[in-house]
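Please look at the sequence and the 3D structure below, and keep both at hand while reading the report that follows.

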Amino acid sequence: MTLQQEIVGNAMQMAVVGLQPGQTVYCEAGKFLFKTTNVTMETRLSGPSGGGGQQQGGGMGGMLRQAMGTAMQAGQRMLAGESLAFQYFTSQGGEGTVGFAGVLPGEMRALELDGTRAWFAEKDAFVAAESTVEFGIAFQGGRTGMSGGEGFVLEKFTGRGTVIIAGAGNFIDLNPADFGGRIEVDTGCVVAFEEGIRYGVQRIGGLNRQGMMNAVFGGEGLSLATLEGSGRVILQSLTIESLANALKKAQGGDKQGPTGGLFSTHAG
């Protein structure tokens with residue numbers, strides 16, 4: 001059953017989802033806006049890949065396996081900095097409507113999964129999805145990704161159905177195959193990409209004069225994200241770091257100074 005949805009708004013978009021009787025959509029806690037009264041809401045620790053919170057067979061053993069699976073899912077999301085819980089919405093006795101939104105000014109996008117390719121997205125990009133779409137956590141980028149500080153922990157969506165994501169600023173769709181097979185971007189600009197795209201994080205230049213100039217004065221730090229292969233890539237025009245720096249500067253608390261990069265100071 002196809003999820004009926006419409007993305008509305010400009011600077012701060014929202015997704016208005018129409019549910020058929022018995023149809024279920026789930027979201028990350030904190031992304032819900034409104035619903036009609038015939039739509040029920042239930043909060044669970046488990047995602048659809050864990051049975052959606054439904055009772056599994058096998059008596060006590062089945063219940064134990066279900067509990068262990070739920071605990072592992074919640075622990076993985078906690079380590080990744082994601083919300084511990086999901087909220088499930090089901091229409092009862094007729095068609096229903098639910099509204100969702102992201103947490104930053106920017107665009108939203110509905111991705112259609114046909115079961116052949118997974119999608120990966122940055123942390124916090126997930127907004128809502130059909131119950132037929134499975135949510136998971138993926139770790140990519142290797143040791144460089146860890147040292148880069150961004151893009152190492154990704155959200156992974158598999159199965160069939162619609163998943164709605166959100167980002168900051170405006171979106172642009174690219175295919176690395178149209179640019180020689182590889183693009184390099186600010187690590188905070190990556191929103192989502194299809195399975196088949198090879199994602200990594202690399203140092204900017206080397207430990208030489210130009211490399212240090214890029215890191216210190218370029219405002220990018222020491223790392224860039226690399227995307228290789230053929231497939232759809234979604235980038236955003238606004239990074240969380242640049243938004244935070246702009247807000248600090250407007251409040252008179254900017255400590256980045258004229259150099260940026262390595263010499264910038266960030267709260268937390």
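Leaving aside residues up to four places away in sequence, Thr226 touches Arg182, Ile183, Glu184, Arg198, Tyr199, Gly200, Val201 and Gln202, where contact means heavy atoms within 4.5 Å. Thr226 lies in strand E17, and strands (E, at least two residues), like helices (H or I, at least four residues), are DSSP runs numbered from the N terminus. With a relative accessibility of 6%, Thr226 counts as buried; the word buried stands for under 20% relative accessible area, exposed for over 50%, and partly exposed for values in between, using a 1.4 Å probe and protein chains only.

This is a predicted model, in which local features need pLDDT of at least 70 and side-chain atom pairs count only at pLDDT 80 or more, while totals for chains, interfaces and linings use all residues. Residues are numbered from 1 along each chain as its sequence is written, and side-chain values use heavy atoms, with hydrogens and water left out.

**Salt bridges**

Side chains of opposite charge can pair when their charged atoms come close. A salt bridge is counted when a side-chain nitrogen of Lys or Arg is within 4 Å of a carboxyl oxygen of Asp or Glu, and a search of the whole structure finds 8 salt bridges.

| Salt bridge | N to O distance | Relative accessibility |
|---|---|---|
| Arg44 and Glu42 | 3.1 Å | Arg44 14%, Glu42 42% |
| Arg109 and Asp173 | 2.8 Å | Arg109 17%, Asp173 35% |
| Glu228 and Arg182 | 3.4 Å | Glu228 24%, Arg182 32% |

The side chains of Glu228 and Arg182 meet in a salt bridge, and this pair links distant parts of the chain, with Glu228 in strand E17 (residues 223–228) and Arg182 in strand E14 (residues 182–185), 46 residues apart. Glu228 counts as partly exposed, and Arg182 is partly exposed as well.

Arg109 and Asp173 are also joined by a salt bridge, and they too link distant parts of the chain, Arg109 being in strand E8 (residues 108–114) and Asp173 in strand E13 (residues 171–174), 64 residues apart. Here Arg109 counts as buried, whereas Asp173 counts as partly exposed. Both residues belong to a network of salt bridges that links Glu107, Arg109, Asp173 and Arg232.

**Aromatic rings**

Rings of Phe, Tyr and Trp (its six-membered ring) pair if their centres lie within 6.5 Å, and planes under 30 degrees apart count as stacked, over 60 as edge-to-face and the rest as tilted. By this rule the count comes to 12 aromatic pairs. One of them is the edge-to-face pair of Tyr26 and Phe86, with 5.5 Å from centre to centre and 90 degrees between the planes. This pair links distant parts of the chain, since Tyr26 is in strand E3 and Phe86 is in strand E6 (residues 86–91), 60 residues apart. Both Tyr26 and Phe86 are buried. The pair of Phe193 and Tyr199, by contrast, is stacked, with 5.4 Å from centre to centre and 10 degrees between the planes, and both of these residues are buried.

Tyr26, Phe86, Tyr88, Phe126, Phe135 and Phe157 form one aromatic cluster. The charged end of Arg44 sits over the ring of Tyr88, 3.9 Å from its centre; for this, NZ of Lys or CZ of Arg must be within 6 Å of the ring centre and within 35 degrees of the ring normal.

**Strands and a loop**

Which strands does E10 pair with? Two strands pair if DSSP finds at least two bridges between them. Strand E3 (residues 24–28) and E10 pair in the antiparallel sense over 3 bridges, and 3 bridges also join E10 to strand E12 (residues 153–166), again antiparallel. Ala128 in E10 stands opposite Cys27, and its bridge partner in E12 is Ile164. Because 5 of the 5 residues of strand E10 (residues 126–130) are buried, this strand is largely enclosed by the rest of the structure.

Asp124 is found in the loop between strand E9 (119–122) and E10, and its phi is near 75 degrees, a positive value in a residue other than glycine. Most residues other than glycine have a negative phi.
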